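Hi everyone, thanks for making time this morning. Let me put the sequence and the model up, and then we can walk through a few spots together.

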Amino acid sequence: MITGGLGFIGSNLALRLVELGADVLLVDSLVSETGANRANIAAFEDRVSTRIVDVRDALAMERLVADQDVIFNLAGQVSHIDSMHDPFTDLDINCRAQLSLLEACRHRSPGAKIVFASTRQIYGRPDYVPVDERHIVHPTDVNGINKMAGEWYHILYNNVYGLRACSLRLTNTYGPRMLVKNNRQTAIGWFIRQILDDEEVQLFGDGLQLRDFTYVDDACDAFLRAGASDVANGQVFNLGGHEPISLKDLLDVMIDVAGRGSYKVVPFPPEKKAIDIGSVYADYSKITRALGWAPTTDMREGLEKTMSFYRDHRAEYWGDLAVAR
Ligand SMILES: NC(=O)c1ccc[n+]([C@@H]2O[C@H](COP(=O)([O-])OP(=O)(O)OC[C@H]3O[C@@H](n4cnc5c(N)ncnc54)[C@H](O)[C@@H]3O)[C@@H](O)[C@H]2O)c1
């Protein structure tokens, strides 16, 4: 079962599982303005079961978790800015619904393995880089606090109730099927869209802030490894990318790959500056040691695949420009 299975990472994971011959159930409430998109599963829709259910519906979730072997728990409110505008919705989805999912598993599916999609955003502005899992968590926004709690409910239920649960702290993930119709989530999807449209990208700050990026197939590989191994139980793991790269350098690579596009460095809007985390990238050596995971797709190759996907599928992903702006 994949919660958030119609979204960006969930649908890529679903495709991978279908290719591996798994029996897959997708649970998603198709939240507008997120990466949820029916087109994400169009190529393999007939090979999965899909339920349009809100994870906040505890009774429905109790029925759905029953007898599942592995639950990839990716449904979440992802936008940091939205979490500041509407903190209680973020709390309900990223915190309360996580707790009720775990309660449902405790009563109806105690043998299930649960892999939670957490975020390296919970470290906040890092005290040192690369951030490893021992780095203290001090999130800069409501979303980070709720994701942190959601993560620790999973670890708690592993430790106290014997459910087998673990958490992956994802860094910026990119690839085919990511949200590009608005800039509510990560910047990279919005950059890709603007570059393919040959529009000038506005880069906030000085452009020197460092980030690491994980190509979505690599992220899915980490979910599969964590789902299949009991070594992961009760653990939190950072994911990461090949090499940290500044946003300026990232845009240069993007423009080179696309053969078009331009950018201008502009001051941060105050609202975004207040929750910005500066330079951050992760040490992912713990998951390499435990599960043998490491990213295999470099930035240029990942961007080539991503841009090629959007050139072919523009109509399904660009959305309504008036809404996007
Ligand atoms: N993409 C990244 O760079 C990134 C980084 C760190 C963590 N994550 C985490 O990975 C997970 C997946 O992110 P994504 O990038 O695929 O985002 P996405 O927006 O593409 O997918 C999220 C999905 O969850 C669904 N959803 C949201 N609220 C729901 C609810 N109440 N009930 C049922 N479904 C609901 C949405 O409809 C959407 O399909 C999230 O939990 C996110 O916090 C993603």
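Pro 130 sits in the loop between S5 and helix H5 (142-161); helices here are DSSP runs of H or I of at least four residues, strands are runs of E of at least two, and both are numbered from the N terminus. The peptide bond that leads from Val 129 into Pro 130 is cis, with omega near -10°.

A quick word on what you are looking at: this is a predicted model, where local features need pLDDT of at least 70 and side-chain atom pairs count only at pLDDT 80 or more, while totals for chains, interfaces and linings use all residues. Residues are numbered from 1 along each chain as its sequence is written, and side-chain values use heavy atoms, with hydrogens and water left out.

Now the whole protein. How many helices and strands does the protein have? There are 13 helices and 13 strands. The radius of gyration is 19 Å, close to the 20 Å that the globule rule gives for 325 residues, so the protein is as compact as a globular protein of that length. That radius is taken over C-alpha atoms, and the rule is 2.2 Å times the number of residues to the power 0.38. Along the principal axes, the C-alpha atoms fill a box of roughly 55 × 45 × 40 Å.

Of the 325 residues, 53% are buried; buried means under 20% relative accessible area, exposed means over 50%, and partly exposed is in between, using a 1.4 Å probe and protein chains only. Turning to contacts, meaning heavy atoms within 4.5 Å: among those between residues at least 6 apart in sequence, 80% join residues at least 24 apart.

On charge, the protein carries 34 positive and 44 negative side chains, and the centres of the two sets lie 2 Å apart. Lys and Arg count as positive and Asp and Glu as negative, with His and the chain ends not counted; each charge is placed at NZ of Lys, CZ of Arg, CG of Asp or CD of Glu.

Let's zoom in on Ser 109, in the loop between helix H4 (87-108) and strand S5 (113-119). Is Ser 109 buried or exposed? Ser 109 is buried, at a relative accessible area of 4%. A polar atom of its side chain lies 3.5 Å from the backbone oxygen of Gln 68. Beyond its neighbours within four places in sequence, Ser 109 is in contact with Val 65, Ala 66, Asp 67, Gln 68, Ala 104 and Leu 163.

One of those partners, Asp 67, deserves a look too. Asp 67 is in the loop between helix H2 (58-65) and strand S4 (70-73), and it has a positive phi of about 70° although it is not a glycine. With a relative accessible area of 71%, Asp 67 is exposed. Glu 33 is another non-glycine with a positive phi of about 70°; it lies in the loop between strand S2 (25-28) and strand S3 (49-52), and at 21% relative accessibility it counts as partly exposed.

Next, helix H6. Why can we call H6 largely enclosed by the rest of the structure? Because 9 of the 10 residues in this helix, which spans residues 187-196, are buried. Among them are Trp 190, Phe 191 and, for those who like charged residues, Arg 193. After H6 comes Asp 198, with a positive phi near 60°.

Back to H5 for a moment: Ile 155 is in this helix and is buried, at 2% relative accessible area.

My last stop is Asp 82, in helix H3 (residues 80-85). Asp 82 is partly exposed, with a relative accessible area of 21%. Which residues does Asp 82 touch, not counting those up to four places away in sequence? They are Gln 77 and Arg 184. Asp 82 and Arg 184 are 102 residues apart in sequence, yet their C-alpha atoms are 7.5 Å apart in space.

That's my tour, so over to you for questions.

Definitions and conventions:
Polar contact = N/O pair within 3.5 Å; in protein donor to acceptor, adjacent residues only side chain to side chain.
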